[in-house]
Amino acid sequence: MSDPNPSVLLIGAGPAGISAALWLAEFEVPFHWVDTSGEAGGQLVRVHNQIRNVPGGIFDDGAALVSRLQDHVQKRRLTLRQARVVSIRPEEDGVRIKMEDQSSIAVKRVILATGTSYRKLGVPGEEEGLSGKWISQSAAGDAERVAGQPVAVVGGGDAGFENALRLARVDCDVTLFLRSSSLRARPAFVRAVEEAPQITIAPIPSIVEKIERPSPVESLPGSEGGLGCMLTIDQDGDERIMEVAALFVRIGVEPQLPGGCDELECDSRGFVQVDDHFRTSNPAIFAVGDVSVTPLRSVVTATGNGAVAARTCASDLGYL
């Protein structure tokens, strides 16, 4: 559903956004639905492992689940438009939204289902490495490309340790860089890494300060196919240069919020605080799924969030 005079603007098209759209349509609430990509599925496309904890099916990967969700959206004839929200400004009787194309829209309620993105190191050479494929954010997606070659992983949580283990299983020599001695990975992952002969935990702390493309590239072991980078590492004041086929960065996620959300109450990491109905500190704005403070970031919790927020909007606006 898309209405020229919507009561609700729904931003984001991952599982939380799709669920909210389905329920807004069910309650016959006029709404406008936008996403920066214009396609339903959100960040599920970055999930390369099997998904086994969604009731009703086991999916080979995120793309398989996305296909199912997109089919559902099409069958319900929901309209998702590609647009980027650049600012959200509260008004006396709702919210004013400004789009990247300079158009604006006034609505009574906004549902933020904008999700997260992988955190980056923020060091020189990182963006070039991500576009050039010698820096990766997923061993599940890229392990086969670097099989049998020396690699490095940054990350002290479950994702960092799990990526290191996955790379070791394809015969990579893995160096794991931890930026602090505070391990967040579950004990089972820590034990497995400590017992894996292919994985070396570098001296703690080890901080990647710079990422460069070696010159000539051919001098780097494992550079075939355009892979390879040279890392400058700070190990408690001592500088070390290391050459690897690829660097895997898994240091957590951060919320993605449009401009104008600075006044919303958030936790120390920037995730939006919500009440039991997923209403934020601004009663006209809701936040659902991974962008909100939640004890579990998953498909099932996100879809539940979206349904509750849609139901609350419908009630607020007199559609129930």
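At 16% relative accessibility, Phe27 counts as buried, where buried means under 20% relative accessible area, exposed over 50% and partly exposed in between (1.4 Å probe, protein chains only). The structure is a predicted model, in which local features need pLDDT of at least 70 and side-chain atom pairs count only at pLDDT 80 or more, while totals for chains, interfaces and linings use all residues. Residues are numbered from 1 along each chain as its sequence is written, and side-chain values use heavy atoms, with hydrogens and water left out.

A search of the whole structure returns one aromatic pair. Trp23 and Phe27 make up this pair, which is tilted, with 5.5 Å from centre to centre and 35° between the planes. Rings of Phe, Tyr and Trp (its six-membered ring) are paired if their centres lie within 6.5 Å; planes under 30 degrees apart count as stacked, over 60 as edge-to-face and the rest as tilted. Trp23 is partly exposed, at 38% relative accessibility. Rings also meet charges here: the charged end of Arg46 sits over the ring of Tyr118, 4.4 Å from its centre, and Arg297 lies over the face of Phe271, at 3.9 Å from the ring centre. The criterion is that NZ of Lys or CZ of Arg is within 6 Å of the ring centre and within 35 degrees of the ring normal.

Turning to the overall fold, the chain has seven helices and 20 strands; these are DSSP runs numbered from the N terminus (helices H or I, at least four residues; strands E, at least two). Its radius of gyration is 22 Å, close to the 20 Å that the globule rule gives for 320 residues, so the chain is as compact as a globular protein of that length. This radius is taken over C-alpha atoms, and the rule is 2.2 Å times the number of residues to the power 0.38. Along the principal axes, the C-alpha atoms fill a box of roughly 65 × 40 × 35 Å. Buried residues make up 48% of the 320 residues.

Helix α5 (residues 158-168) contributes several buried residues, among them Phe161, Leu165 and Leu167. The buried residues of α5 pack against elements including α4 (139-142), β12 (150-154), α6 (187-195) and β18 (246-249), with contact meaning heavy atoms within 4.5 Å.

Charged side chains complete the picture. The count comes to twelve salt bridges, each defined as a side-chain nitrogen of Lys or Arg within 4 Å of a carboxyl oxygen of Asp or Glu. One of them joins Asp71 and Lys75 (3.2 Å, N to O). Both residues lie in helix α2 (residues 62-75), four residues apart, about one turn of the helix. Asp71 is partly exposed at 32% relative accessibility, whereas Lys75 is exposed at 63%.

Other bridges span longer stretches of sequence. Asp316 forms a salt bridge with Arg279, the closest N and O atoms being 2.8 Å apart. Asp316 lies in helix α7 (residues 299-316) and Arg279 in the loop between β19 (253-255) and β20 (285-287), so the pair ties together parts that are 37 residues apart in sequence. Asp316 is partly exposed, with a relative accessible area of 32%, while Arg279 is buried at 18%. Finally, Arg89, Glu91 and Arg96 are linked in a network of salt bridges.
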